Amino acid sequence: MAADHVDVLIVGAGLSGIGAAVHLGRECPGKTYAVLEARGAIGGTWDLFRYPGIRSDSDMYTLGYSFKPWTDPKAIADGDSIRAYVRQTAREYDVERHIRFHHRAVRAEWDSATARWTVHAHRDDTGEDVTLTCAFLFTNSGYYRYDEGYTPRFPGVERYAGTLVHPQHWPDDLDYAGKRVVVIGSGATAVTLVPAMAERAAHVTMLQRSPTYVIALPSRDPFADAARRWLPPKAAYAVARWKNVTLGVANFQLSRRAPGVVKRFLRRAAKGRLPSGYDVDRHFSPRYNPWDQRLCVVPDGDLFAALSAGRASVVTDTIDTFTEQGIRLASGEELPADVVVTATGLNLLALGGMTLAVDGAEVDLASTVAYKGMMLSGVPNFAMTIGYTNASWTLKADLVATYVCRLLRHLDDTGRQIVTPLAPDTDDLVPIIDLQSGYVLRAVDQLPKQGPQAPWRLHQNYPRDVRLMRHGPLTDGVRFDRAGVPATAATTSGGTDA
């Protein structure tokens, strides 16, 4: 069967994949494209996760698209609202008809002679295998496994007679009203679940091995509300977006340069929202510095409110074993539980599990170096979206999509068909994701690396990246070729523009 061909093949129909398609349609209107989506719906993460209270962990003025203002009053939005926003965007910009649902990209093979990728996909709905070709491959599949969350092996878990559930696979029929719930974890999912479940449960206990930094922010942004009263929608959205970007960059830079100051601020803020005498140091003062892991945002301080009202509690301890009725801790304390939620994290999976080959040679992702945080050394006509770890994912996704469009136009303008990043001549390499979170550390050896400086360093700085990605050079660190030049020749050449 002949393979379908498009100019650009986008993998993933989540927040960043839909955004990539819109950018392509607007900035390269002559290009044909298709979107492969492994699941049966638009939305990605926001369609997959359905646990109680699911919401954004950053504000929607930066998590929203640059081209489509977020108009909902809530700055920290629930999952249903975000999913509706992504789907509305796909309809409004005529992306829906380009999406092929239930198409899971399995493997992609580059051929320099034809300057094409051959992409093999599996249709989970029919069981058939499908082949497509494209001139440029653009993956927007995130970096974790959709089919399996991370759950450590708990001693005695087979004896537990209650209900055990992972947030990534929340049962539609789970009834926890009036029941005792233990949520294992202390990250963004746990701090979302606890106050949401506490509204109906008899009591919810957040069991954490170690604390996380938690900060309360208003669910509505007073600055954005005022801007909407005085400015047109697009202008109001832009100023609110840049205000939040500026505050986020300042917070991150201060955390890096004066972590003690930020630690004291976060401790004082938590203490002010908790009952007198609460052991803040034990439960809300981590051993690591702020932004070594992501800060957890709680809208309107809902977690602190649930703790203050006695509807929820935090226990900082380790698990000795599960029992029939609940969990016995290392301290000897027993936590009775009708429902245990293992909010224990994600499993990383680069490129959605898709493998790559270039001119017959397998690509080892861990041996590649990321170019501008979006392309891989030695891999032609390929880009991936990896968002910021210290800010909203979409800020970087928008920049990556814009840069891809710039590259495509440059190829057309110069009569070239191939662009290949050239690996930097350095051994000073570190993982592309620099967080110390468990889900990163478990898979760090499988990820691409980054170099010591631009264009091989992924900056966690949106204003700086705007200059680099929207207005910076296109020819630094890459080689442009016509079809027929082997990728090995491109990656070993000292030139940047053949």
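Biologist: In which loop is P455 found?

Modeller: P455 belongs to the loop between β24 (449-450) and α13 (462-471). Helices here are DSSP runs of H or I with at least four residues, strands are runs of E with at least two, and both are numbered from the N terminus. The model is predicted, so local features need pLDDT of at least 70 and side-chain atom pairs pLDDT 80 or more, while totals for chains, interfaces and linings use all residues. Residues are numbered from 1 along each chain as its sequence is written, and side-chain values use heavy atoms, without hydrogens and water.

Biologist: What makes the peptide bond between A454 and P455 a cis bond?

Modeller: Its omega is about 0°.

Biologist: Why is A115 called buried?

Modeller: The relative accessible area of A115 is 6%. Buried means under 20%, exposed means over 50%, and partly exposed covers the range in between (1.4 Å probe, protein chains only); A115 is therefore buried. A115 is found in the loop between β4 (103-111) and β5 (116-123), and its phi is near 55°, a positive value in a residue other than glycine.

Biologist: What makes D300 partly exposed?

Modeller: D300 has 46% relative accessibility, so it counts as partly exposed. D300 also has a positive phi of about 55° although it is not a glycine. Its place is the loop between β11 (296-299) and α10 (302-308).

Biologist: How many aromatic pairs does a search of the whole structure find?

Modeller: The search finds 17. One of them joins Y213 and Y288, whose ring centres are 5.4 Å apart with planes at 90°.

Biologist: Why is the pair of Y213 and Y288 called edge-to-face?

Modeller: Rings of Phe, Tyr and Trp (its six-membered ring) pair if their centres lie within 6.5 Å, and planes under 30 degrees apart are stacked, over 60 edge-to-face and the rest tilted. With 5.4 Å and 90°, the pair is therefore edge-to-face. Y213 lies in the loop between β9 (203-208) and β10 (214-217), and Y288 in the loop between α9 (280-284) and β11, so the pair ties together parts 75 residues apart in sequence. Y213, at 3% relative accessibility, counts as buried, and Y288, at 16%, counts as buried too.

Biologist: How do you know that F252 and W291 form an aromatic pair?

Modeller: Their centres are 6.1 Å apart, and the 70° between the planes makes the pair edge-to-face. F252 sits in helix α7 (residues 233-257) and W291 in the loop between α9 and β11, 39 residues apart. Relative accessibility is 8% for F252, which counts as buried, and 8% for W291, which is also buried.

Biologist: What makes R200 lie over the face of Y176?

Modeller: R200 is 4.7 Å from the ring centre of Y176. A charge sits over a ring if NZ of Lys or CZ of Arg is within 6 Å of the ring centre and within 35 degrees of the ring normal, and R200 is listed as lying over the face.

Biologist: Which residues do ring pairs link into a cluster?

Modeller: The cluster is made up of Y65, F67, W70, Y85 and Y93.
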